[in-house]
Amino acid sequence: MRNAQASNQIDWLTVMLYFILVFAGWLTIYAADYEPEAGSTIFSFTQSSGKQLVWIFTSIILIVFIFVIDYRFYESLAYVFYAIAFLFLIFVLFFGREVAGSTSWFEIGSLRIQPSEFAKISTALGLAKYFGAGHRKTSSHRDLLIAGLLFMIPLGLIVVQGDAGTAMVYLSFLLVLYREGLPPLLVVSGFGMILIFLLTLLVNQWILIIGIIVLTLVLGGIFGRTVRRALVIGVAAVVTISVVVSVDFILTDVLKPHQQKRVLLLVNPNADPLGVGWNTTQSKIAIGSGGFAGKGYLNGTQTKFDFVPEQTTDFVFCTIGEEHGWLGSVLLLVIYGFLLIRISVIAERQKSDFVRVYAYSVLSILFFHFAINISMTIGLFPVIGIPLPFISYGGSSLWTFTILLFILLKLDSHRMEILHRW
Amino acid sequence: MNSRAIVIRVFIVLTVLILSVRLFYIQVADEQYKKAAEANIVHEIIEYPYRGHIYDRHKNLLVYNEPVFDLLILPREVNLEDSVNIKEILSISQEQFDRGYEKAKGFAKHLPSVFLEKIPKDEFAVIQDQLVNLKGFSIQPRTIRGYEFPLMSSVLGYVAEISRGQLARDTTRYYKSGDEIGINGIERQYENQLRGKRGKSFQTVNVQGMVMGKFGDGEYDSLPVPGEDIQLTIDLELQQYAEQLMKGKIGSLVAIEPSTGEILAFVSSPSYDPSLLRGRDYSKNYSVIQSDSLKPLFNRPLQAMYPPGSMFKTIQSLVAMQEKKLGPAEKIYCEGNLIGDLAPIGEYDVKKAITYSSNNFFYKVFRRIIQQGFDDNSYIDSRIGFEIWRNHLLNFGLGIKLGIDLPNENSGFVPSLATYDRVYGNNRWRFSNIYSLSIGQGEILVTPLQMANLGAILANRGYFITPHFLKNVEGDSSLVPREKRQVGIDQAYFPYVIDGMEQVVSMGSGLRAYIPDIAICGKTSTVQNPHGADHSGFMGFAPKENPKIAVAVYVENAGWGGRAAGSTASLVIEKYIRGNITRTWVEDYVLKGNFGDEKRASIESN
């Protein structure tokens with residue numbers, strides 16, 4: 001009786017938010033590519049919007065699948081998924097197709113699959129399964145090490161593929177560890193160290209060093225109340241700066257110019273194709289020109305005329321900013337914030353550690369993508385090339401985020417049964 | 001609830017807030033992004049107007065616009081394997097091709113830029129059909145000046161790309177680098193009328209500069225306004241004939257309609273074909289013409305300065321009579337001993353003195369003008385007389401720019417008190433130092449234009465209208481000068497001089513200019529030239545009553561004024577009045593041009 005009720009407890013609010021975002025994304029993708037003279041409609045397959053519609057329909061099929069499959073399936077096979085993802089990440093290094101310097105794609109016919117996207121799901125499942133086994137403590141060095149390795153291994157493999165941007169996303173799992181009790185200083189410094197290592201590959205070292213000093217002073221002001229803490233922060237700052245300098249030294253002084261170029265290209269092929277800050281500048285121009293209420297749907301010029309690069313994928317937010325102005329942009333931010341908090345609410349109502357950790361993994365991944373993607377379009381963060389979930393064009397990314405979210409909703413709808421199991 | 005969950009939610013809300021504030025800053029608070037966005041997509045396209053045509057007084061077309069073609073290259077689309085083919089079709093060398101291709105590629109790979117400039121239409125016709133097969137090449141029509149006749153370059157001037165200096169001096173800020181502008185002549189004088197007004201259209205472009213559509217539905221666009229057509233006072237047929245006559249000679253010919261000041265013919269010789277200074281060969285031809293030792297770019301009628309010689313005796317007579325120092329019929333006995341003279345000893349009045357060009361007569365007359373007895377000191381007396389005389393000359397348009405509607409007019413030179421003070425010292429000179437002026441020699445210098453104008457003054461019996469080329473601009477003649485400029489001599493004195501001038505032609509030094517049924521009044525000059533043979537000069541008008549044409553002719557190093565210049569002037573007069581030439585032997589004589597000097601021979605060998 002109670003069980004039957006529980007199995008029908010789908011979180012319709014989240015489902016609605018999901019479809020609002022996906023629909024908004026579809027319209028935006030059409031606007032970003034819109035050519036008034038071409039006469040093609042939002043449905044035509046020559047347009048990104050037409051193809052996105054296919055990804056949307058297949059996503060709905062995936063959702064149905066996810067709900068049809070027994071909820072226990074995900075937890076039981078979590079490690080299997082993780083292992084498969086691991087193998088794919090290895091294989092792609094050897095058999096993957098090189099696109100613009102990074103080897104992160106499998107090509108099967110006309111279909112291109114990016115294992116690093118799907119590995120987000122299996123890593124989330126793997127991590128959740130590990131914590132779901134019970135008695136894990138973030139104070140235990142062994143537990144912490146294994147949990148860390150679970151997401152650091154795929155991160156490392158993706159860096160080797162030459163896709164530092166996607167790799168950085170895996171840092172968001174630190175937020176999950178924070179929720180599970182990891183001391184905040186460790187979260188911040190761990191996040192900081194790895195973030196800085198990756199950023200060294202992408203950004204000028206002096207900007208980074210200045211950024212670290214500023215951050216150190218801010219953190220010192222907040223946390224450095226005792227001598228010991230201040231010392232820790234100071235040491236951490238010195239260590240990070242030496243990491244920056246040494247990585248930069250290896251890049252610029254040890255390697256020969258052509259090797260440098262190869263490394264930089266490997267890490268970030270699209271960072272700055274036309275010179276310093278072209279992407280960010282054009283992206284800010286597009287968004288900034290939107291004004292308070294925007295230019296109106298399909299009336300944007302900057303994205304439509306290709307001034308903004310990657311305007312349907314990583315910079316899709318520019319079209320929203322340009323055509324719908326500040327009002328539209330903030331509406332999107334609010335919807336997103338609402339979705340994220342909703343996921344946190346779902347997470348907190350779980351009785352199972354597995355589902356809660358998984359929920360926070362979903363939240364962390366979405367939050368990281370959302371915050372970094374929008375920050376980079378408005379010049380608050382370097383351009384690292386990650387999509388805006390549910391909005392950006394692309395099958396791999398839409399599928400990944402759909403599967404991530406709907407596995408959670410499936411598990412959530414069975415939360416009472418899961419309680420019984422334990 | 002878990003406190004860390006709350007921290008995470010606060011973190012999410014904070015992030016949304018920070019992003020919203022940042023968005024507010026760039027979208028609402030900061031205007032620079034809106035301007036930058038417009039600068040990104042709006043591209044101004046200039047549409048050039050057609051330059052106005054130029055016609056002669058009978059509406060014969062002189063200058064028009066000729067289509068030429070710029071060959072544009074779009075480097076992205078060029079198939080380099082085609083290059084052999086391309087070179088063959090365009091008949092250019094590999095080196096030329098490479099240079100053009102690299103330059104265009106350096107400019108922009110995805111935008112067309114000019115590969116070959118100003119291809120004439122006959123050459124274009126040859127390559128046109130084959131161009132279809134060449135990927136990445138396209139055609140952009142434009143115009144250059146076209147000339148119906150290889151004439152009048154000294155009047156028309158030419159059009160060329162604006163120089164950096166001109167661009168810097170342009171206070172109107174109308175011109176842009178690469179614009180064409182009238183450099184000389186009518187093209188420069190009436191540049192504002194001829195050029196029209198540029199049109200502008202604003203288009204939206206994508207990141208590669210490809211046009212995506214009109215900006216703001218064309219509400220900021222303006223259409224080009226074509227330049228205005230100009231009708232000149234030049235008589236094409238007369239001009240053609242005059243140029244033919246002056247061919248192979250160094251000199252000037254100016255013909256004016258006295259009653260209006262309209263210039264009928266205007267020749268500076270040697271000259272050049274105006275169509276040399278246009279299109280793609282402009283620079284090459286310009287340097288050839290400019291380095292020519294005979295200076296074809298020197299506009300002799302406006303800029304060459306000669307002593308007026310005996311023509312000046314007409315002015316001396318009138319000034320003396322006006323100053324009451326000479327009676328119209330007063331006879332003066334001349335022994336011929338004051339100054340070198342070809343006129344016989346005897347009694348002379350104005351008419352006879354002009355007819356025989358008596359130097360001694362004008363010596364005495366000029367002395368009367370200069371030394372009028374205002375002061376006992378002859379030095380001071382000379383100063384007063386000289387100043388009176390000089391003012392008369394200025395009234396005759398000597399020593400000043402007449403204000404012709406052509407650039408670079410020269411004022412000639414009328415000496416002033418200061419001129420002689422500098423040479424001799426203050427109060428240290430008098431008539432005896434300046435007597436050469438009495439017969440138009442010495443320091444005084446005039447331009448051929450000023451002498452033609454003198455012919456008009458005599459024909460009008462006392463006034464002139466500023467000589468000009470403009471008949472009308474699109475039918476509107478408001479820019480044409482009409483004011484009668486009086487020279488300050490009583491009309492009553494003119495007949496005595498004019499009678500003398502008639503006899504110059506009928507029985508004096510201008511006999512070669514004599515035409516039985518057309519009463520030509522003229523005066524020859526044989527201008528002494530320290531560098532070689534004398535210059536031959538003639539000034540006159542015809543017919544005597546109701547004059548239709550005033551002419552001045554200078555032929556350098558051609559000896560006596562009556563010969564080369566007089567003959568040429570009479571042919572122009574006959575051509576204009578009668579329409580055809582009856583005295584073919586005079587025509588032959590002038591066309592053959594065998595006036596006997598070395599310099600002319602060198603022209604012919606060129």
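Reply: Two strands pair if DSSP finds at least two bridges between them. Keep in mind that this is a predicted model.

Me: Ok. Which residue is the bridge partner of B:Gln203 in β9(B)?

Reply: B:Lys214 is the partner of B:Gln203. Strand β8 of chain B, residues 199-205, pairs with β9(B) over 3 bridges, in the antiparallel sense.

Me: What is the strand order in that open sheet of 3 strands?

Reply: β1-β8-β9 in chain B, with antiparallel pairing. β1 (42-47) and β9 (211-214) of chain B are at the edges; each has a single partner strand, so one side of each has no neighbour in the sheet. From one strand to the next, the twist averages 45°.

Me: Now the sheet of 5 strands. What's its order?

Reply: β12-β11-β20-β19-β18, again in chain B. This sheet is open, and its pairing is antiparallel.

Me: Why is one side of β12 and β18 of chain B left without a neighbour?

Reply: Because β12 (262-269) and β18 (521-527) of chain B stand at the edges, each with a single partner strand. Neighbouring strands of this sheet are turned by 5° on average, direction ignored.

Me: How many bridges between β11 and β12 of chain B?

Reply: 7, antiparallel, with β11 covering residues 251-257. B:Val254 sits opposite B:Phe266 of β12(B).

Me: Which helix touches β11 and β12 of chain B?

Reply: Helix α10 of chain B, residues 236-246, packs on the sheet there, at about 25° to β12(B). Helix α21 (residues 564-577) of chain B lies across β11, β12, β18, β19 and β20 of chain B. α21 of chain B runs at about 150° to β20(B).

Note on methods: Residues are numbered from 1 along each chain as its sequence is written. Chains are lettered from A and ligands numbered from 1 in the order in which they are written. This is a predicted model: local features need pLDDT of at least 70, side-chain atom pairs count only at pLDDT 80 or more; totals for chains, interfaces and linings use all residues. Helices (H or I, at least four residues) and strands (E, at least two) are DSSP runs, numbered from the N terminus. Axes are lines fitted to C-alpha atoms, for helices over the stretch in contact, and angles run from 0 to 180 degrees between N-to-C directions. Two residues are in contact if their C-beta atoms, placed from the backbone, lie within 7 Å.
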